[in-house]
Amino acid sequence: MTTRLADIAAQAGVSEATVSRVLNGKPGVAATTRQSVLAALDVLGYERPVRLRQRSEGLVGLITPELENPIFPALAQVIGQALTRQGYTPVLATQTPGGSTEDELTEMLVDRGVAGIIYVSGLHADTTADMQRYERLRAQGVPFVLVDGFSPKVQAPFISPDDRAAMTLAVTHLVSLGHTRIGLALGPKRFVPVQRKIEGFVRAMQEQLGLSAEDVETRLIQHSLYTLEGGQAAASALIDRGCTAVVCASDMMALGAIRAARRQGLEVPTDISVVGFDDSPLIAFTDPPLTTIRKPVPAMGQAAVRTLLEEIGGTPAPHSEFVFMPELVVRGSTASAPGDRSRT
């Protein structure tokens, strides 16, 4: 117990006596100091005494498509922590192949009386999906926010990264390295983020390399799945068409692209450059460390929570899209184009 008090006191920057007073519910401690001690408990992994636990303001559902792609757990963590800080209890519901659908998970959460729901990369991002499901949810009085994907048919707040700007960042970087045959590997075309990435990629290739939209779309864009295997398949096709650089719509696809290159006897980045998308946890430690477009996950997650709580509180945010700017993170998977080694 003494060791624990010392640890908490050091973390909070207060005396052990102050920690003891907070843990025992004694008066005479400033509110900010009390909060610092409680935060130190959380950081160090100690459970708060029952008497000090904040009463839950209610449950908030978080529906994600899957957890294999590390960007989804990262986003879930940001959202979960932000909800907890506001006194809400997050309930993570994940779709799995052959498991519960988004509609089934929604029904389950509504039956449990959630105060609201945050959807990440849900059916709202699929242009072929029926958007009436969200209007029915609204009619039930359940507030919700939609992350990654936009539909003008749904009256709700949307949180998105700027996918078009992301492609401009990637293409600009690769063109500066002397690449002129740049391919784009991404998921099925029916998804809004995919369509936006295509728009940004085509425009950047037109403006910076003078290529026609038709040439870019028919020869330099390859659709596949958002998986390592999907990235490998798409990159193999683009490499066969003479691409010296591949931009991928996710870091998982980018790892597949690196594997495709190596299976063809090519070195990354000596023979071919690869750019990912997301900046997922641990992606800086791959071989080589991955150059990628960093999705602003903390800002997006916090904005999703803030917007939902405004909806819950009866002061709805505008039913529009909040767009967050990504950034290019240059690491070791991109280099000068083959035959153009004078460039840095």
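Q: What separates the centres of domain 1 and domain 3, and how do you know where the domains run?
A: The two centres, taken over C-alpha atoms, are 49 Å apart. The chain is divided into domain 1 (5-52), domain 2 (58-161 + 296-326) and domain 3 (163-294). Those bounds come from an automatic or database domain assignment.

Q: What kind of model is this?
A: A predicted one, in which local features need pLDDT of at least 70, side-chain atom pairs count only at pLDDT 80 or more, and totals for chains, interfaces and linings use all residues. Residues are numbered from 1 along each chain as its sequence is written, and side-chain values use heavy atoms, with hydrogens and water left out.

Q: Why is α5 called roughly parallel to α6?
A: The axes of helix α5 (residues 102-111) and helix α6 (residues 132-139) cross at roughly 5° and come within 12 Å. Axes are lines fitted to C-alpha atoms, for helices over the stretch in contact, and angles run from 0 to 180 degrees between N-to-C directions. Angles under 35 degrees count as roughly parallel, over 145 as roughly antiparallel, 65 to 115 as roughly perpendicular and the rest as oblique. Therefore α5 is roughly parallel to α6.

Q: Which residues make the contact of α5 with α6?
A: Glu102, Asp103, Thr106 and Val110 come from α5, and Arg133, Tyr134 and Leu137 from α6. Contact means heavy atoms within 4.5 Å.

Q: Why does Pro316 count as exposed?
A: Buried means under 20% relative accessible area, exposed over 50%, partly exposed in between (1.4 Å probe, protein chains only). Pro316 has 52% relative accessibility, so it counts as exposed. Pro316 sits in the loop between α12 (297-312) and β11 (321-324). Leaving aside neighbours within four places in sequence, Pro316 is in contact with Glu310 and Glu311.

Q: What makes a set of residues a nonpolar core?
A: Its members are buried Ala, Val, Leu, Ile, Met, Phe, Trp, Tyr and Cys residues joined through side-chain atoms within 4.5 Å. The largest such core here has 43 residues, and Ile221 is one of those with the most contacts inside it. Apart from this core lies another, of 24 residues, including Leu83 and Met300.

Q: What is Ile221 in contact with, neighbours within four places in sequence left aside?
A: Its partners are Leu184, Leu186, Ile198, Phe201, Val202, Val216, Leu238 and Arg241.

Q: How many helices and strands does the protein chain have?
A: There are 12 helices and 12 strands. Helices (H or I, at least four residues) and strands (E, at least two) are DSSP runs, numbered from the N terminus.
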